[in-house]
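Here are my notes on this one, written to be read with the model open beside them.

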Amino acid sequence: PNNVASFSIHAADVQRARHFYEAVFCWRFEPWGPPEFYLIHTGDEVDRGVQGLLHAPLAAMGDGGQNCLVHKLIADVDAVALSVVAHGGTIVIPKAPIPTVGELIYFTDTEGNRVGAMRSEVVPPS
């Protein structure tokens, strides 16, 4: 009943952010609506994942600050950390173990959004 149905990433440079997430998480982007507005497909035909949106910051949201915190379940924290740096992101919190849960990193993308990536010991990534 309280599952996440969608997420939105705001980006000053939408194309740069798109290329970053295509490279780091292999997400697919579909133009939708106004220019520089995309649906993000995080899954495939079998496991649809969570639908996301990528677009420029909305003036109605206030000061234009970044308004995204995404946690992505992954299989290999080290590989994602290397990919983040290789594609212009910055590691904010290096790999940290959480006993009985897994390990995670936090990074900022090319637009300054904070993102968490976690390998879970409990739930295998899809």
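1. Ground rules. This is a predicted model, so read it with its cut-offs in mind: local features need pLDDT of at least 70, side-chain atom pairs count only at pLDDT 80 or more, and totals for chains, interfaces and linings use all residues. Numbering runs from 1 along each chain as its sequence is written, and side-chain values use heavy atoms, with hydrogens and water left out.

2. Layout. The protein has 2 helices and 8 strands, arranged along the sequence as β-α-β-β-β-β-α-β-β-β. Helices here are DSSP runs of H or I with at least four residues, strands are runs of E with at least two, and both are numbered from the N terminus.

3. The accessible surface is about 7,300 Å², and carbon and sulfur atoms own 59% of that (Shrake-Rupley method, 1.4 Å probe; for residues, only the protein chains shown count as cover). Among contacts (heavy atoms within 4.5 Å) with a separation of 6 or more, 50% join residues 24 or more positions apart.

4. The core. The largest nonpolar core has 23 residues, and the members touching the most others are Tyr21, Phe25, Trp27, Leu54, Val80 and Phe107. Two or more residues each come from strand 1 (6-10), helix 1 (14-25), strand 3 (37-41), helix 2 (77-86), strand 7 (102-108) and strand 8 (114-120). Helix 1 gives the largest share, 6 residues. By nonpolar core I mean a set of buried Ala, Val, Leu, Ile, Met, Phe, Trp, Tyr and Cys residues joined through side-chain atoms within 4.5 Å.

5. A pocket. The second largest pocket has a volume of about 150 Å³. Its lining consists of Arg28, Ile40, His41, Gly43, Asp44, Glu45, Arg48, Gly49, Val50 and Gln51. A pocket is an open set of points on a 1 Å grid over the protein atoms alone, where a 1.4 Å probe fits, with protein on both sides within 12 Å along at least five of seven lines; lining residues have an atom within 4 Å of a point. The volume is the space filled by probe spheres set on the points, which are joined across faces, edges and corners.

6. Two lining residues. Gly49 sits in the loop between strand 3 and strand 4 and is partly exposed, at 47% relative accessible area. Beyond four places away in sequence, Gly49 touches Thr42 and Gly43. Gln51 belongs to strand 4 (residues 51-55) and is partly exposed at 39%.

7. Most residues other than glycine have a negative phi.

Terms used. Buried means under 20% relative accessible area, exposed over 50%, partly exposed in between (1.4 Å probe, protein chains only).
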